[in-house]
Amino acid sequence: MNKFSFTKMHGLGNSYIYVNMFEETIPESLLSSLAVKVSNVNTGIGADGMILICPSEVAPVKMRIFNSDGSEGKNCGNGLRCVAKYAYEHGMVKDRSFFIETLSGLVKAEVTVENGAVTNVTIDMGKPRLKRSEIPMIGLDAERVVAEPFEVDGKQYEITAVSMGNPHVIFYVDDITTAPVTTLGPIVEKDERFPEGVNVEFVEVVNDHELHFRVWERGSGVTQACGTGACAAVVASVLNGKTARNKETVVHLAGGDLIITWTDEGNVRMTGPAETICTGVYYY
Ligand SMILES: N[C@@H](CCC[C@H](N)C(=O)O)C(=O)O
C-alpha cells in the first residue's frame, strides 16, 4: 500500500489537504483521482480539494491546487495564505516576505507571526485580468465584461467577469441570504460561454468598503470562502462604481472576513487568516 503524509489546513473554512512535495513522491497520473478521494468526507479525509507544496525554480515554493472533482485550478487565494503559513513555520523560508509560484504566475506573501506561529497573511495577488479573452469568455465584442446582460434559462441577469489567474463571474444581489448559489451557481459554472468553466460569486453591496459574498466554486461547489473570488468581487465592485479604489474593503464570506484593496498601482492585496487543523498519513 502507498501512503503520504498530509496537513489539513483552512482559510476561513475553505479547507484543503496539503502535501509537502519536497518530501513526498506521488505519480503525476494519480494526482487528480487522489484529490477526489482525499476530499471525500465519508471515505477520505474531507476537504474542498488537495494542494501540493512543490519545489520551484523561481521562488522558494510553488503551489498546485486540485479541486474536489479532480480538476486542476491555476490559483487559490485561501490556499496561498495556508501555503505561506506552512512554508514559514516549516523553515522553508527565513524572511517574513517571500514569493510563491502558482500556475498563473508569481505572488508575494507577507506573514504576521505571533509566538512563532503565522496568524495572518497578506498576499499581493498581482493585477486582475479584465480582457474578455483573459477570463476567458465568449460573447460580445466589448473588451471587458462589466455589467453585461447575461441570459440563463430565459431569465435576464447582469454579470461582471474578472480573472485573478482563474475565472470569476459576479452577480449582484439585493439580499445575500436568498442568493441563488446552489441553483444558478452550477448552471453558470458549466455555461459554454465560459470555455474553461467559471467560479460563480454572488455579492451584496453594504457600502463603498463592505461586501457580503457567497460562492459556487468551479470544481468544488459551495465553499465557505474563496480568496480569489473575494478579490474578483472587489475589483468588479470598483469597476461598477459600487466600492472605492485604493481603499480597504471588508468582504464578509460564510467563513469569516477578508480585507482586500485594489491599489492605485493596479495590484490586488488580500489579508486574512490561515489555520492548521491536523496532520496525518493517507493510505492509497
Ligand atoms: N478556493 C479558492 C479557489 C480554488 C480554485 C477554483 N475553484 C478554480 O477552479 O479556479 C480560492 O480561495 O481562491
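The following legends describe close-up views of a predicted model.

**Figure 1. Domain arrangement of the protein.** The domain assignment divides the protein into domain 1 (3-122 + 272-283) and domain 2 (132-266). Taken over C-alpha atoms, the centres of domain 1 and domain 2 are separated by 24 Å. To the contact between them, domain 1 contributes 20 residues and domain 2 contributes 19 residues.

Figure 2. The ligand is surrounded by 15 residues, of which Asn-14, Gly-77, Glu-217, Gly-227 and Thr-228 are the closest. An N or O atom in the side chain of Asn-14 is 2.7 Å from a nitrogen atom of the ligand. On the side of the ligand oxygens, a polar side-chain atom of Asn-67 lies 2.9 Å from an oxygen atom of the ligand, and a polar side-chain atom of Arg-218 lies 2.9 Å from an oxygen atom of the ligand. The ligand taken alone exposes 360 Å², and the protein buries 100% of that area.

Figure 3. Asn-14 belongs to strand E2 (residues 14-20). This residue counts as buried because its relative accessible area is 1%, against a cut-off of under 20%. The side chain of Asn-14 forms a polar contact with the side chain of Asn-78 at 2.9 Å and another with the side chain of Tyr-16 at 3.4 Å. Leaving aside residues up to four places away in sequence, Asn-14 touches Met-9, Asp-48, Asn-78, Glu-217, Thr-223, Gln-224, Ala-225 and Cys-226. Of these contacts, Glu-217 is also listed with Asn-14 among the residues closest to the ligand.

**Figure 4. The largest nonpolar core.** In soluble globular proteins, nonpolar side chains tend to be buried together. The largest nonpolar core here comprises 54 residues, and Ile-100 and Ile-260 touch the most other members. Helix H4 (residues 227-239) supplies the largest share of this core, with eight residues. At least three residues of the core come from each of domain 1 (3-122 + 272-283) and domain 2 (132-266).

Figure 5. When residues up to four places away in sequence are not counted, Ile-260 touches Ala-230, Cys-231, Val-234, Lys-247, Glu-248, Thr-249, Val-251, Val-268, Arg-269 and Met-270.

Technical notes
Residues numbered from 1 in each chain as written. Predicted model: local features only at pLDDT ≥ 70, side-chain atom pairs only at ≥ 80, totals over all residues. Heavy atoms only, no water. Core = buried A, V, L, I, M, F, W, Y, C linked by side-chain atoms within 4.5 Å. Buried < 20%, exposed > 50% of the residue type's maximum accessible area, 1.4 Å probe, protein only. Helix = DSSP H or I, 4+ residues; strand = E, 2+ residues; numbered from the N terminus. Domains from an automatic or database assignment. Contact = heavy atoms within 4.5 Å. Near = heavy atom within 4 Å. Polar contact = N/O pair within 3.5 Å; in protein donor to acceptor, adjacent residues only side chain to side chain. Areas by Shrake-Rupley, 256 points an atom, 1.4 Å probe, with all protein chains shown as cover.
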